[in-house]
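Here's a quick walk through one protein model. Have a look at the structure below, then read on.

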Amino acid sequence: MRGGVTYFHSTNESTIQDTSTTDATSFTRTNTTNLTALTLDPELVILVAPHFGFMLGAVADIGLGGSFHVEESASVTGAPPVLSWDERVSAYGMSAGVLGFF
């Protein structure tokens, strides 16, 4: 059994060009994501012969909390828009494998 706490942080900055008007403007958008999860990875090992076997297991990242923040630089029309919210992201799956050891 393997387990622990997972922390994920990501920041992405992009420049966006608006060509829909006669005076082309650009602005910068920054996305920031922070996520925390409890990670569990139990494995079952089945030995079918000496030094050879199969592995079966489950994978779980159980979302504990997090946040997402979007900010854009000031535009010609006014103050910069800011979006921010809390979120939890979870992931579940299965794993399988073949092993040999000597």
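## Surface and strands

The protein has about 7300 Å² of accessible surface, and carbon and sulfur atoms own 61% of that (Shrake-Rupley areas with a 1.4 Å probe; for residues, only the protein chains shown count as cover). This is a predicted model, where local features need pLDDT of at least 70, side-chain atom pairs count only at pLDDT 80 or more, and totals for chains, interfaces and linings use all residues. Residues are numbered from 1 along each chain as its sequence is written, and side-chain values use heavy atoms, with hydrogens and water left out.

There are zero helices and six strands (DSSP runs: H or I of at least four residues for helices, E of at least two for strands, numbered from the N terminus). Of the 102 residues, 17% are buried (under 20% relative accessible area; exposed is over 50%, partly exposed in between, with a 1.4 Å probe and protein chains only). Among contacts with a separation of 6 or more, 58% link residues 24 or more positions apart (contact means heavy atoms within 4.5 Å).

On the surface, L44, I46, V48, F52, F54, L56 and V98 make a nonpolar patch with about 610 Å² of accessible area together.

| Residue | Strand | Relative accessibility |
|---|---|---|
| F54 | β4 | 37% |
| V82 | β5 (residues 82-86) | 45% |

What does V82 touch, not counting residues up to four places away in sequence? V82 touches H69, V70 and E71.

Methods. Patches are made of residues with over 30% relative accessible area and no salt bridge: like charges are joined within 9 Å, nonpolar side chains (Val, Leu, Ile, Met, Phe, Trp, Tyr) within 5 Å. A salt bridge is a side-chain nitrogen of Lys or Arg within 4 Å of a carboxyl oxygen of Asp or Glu.
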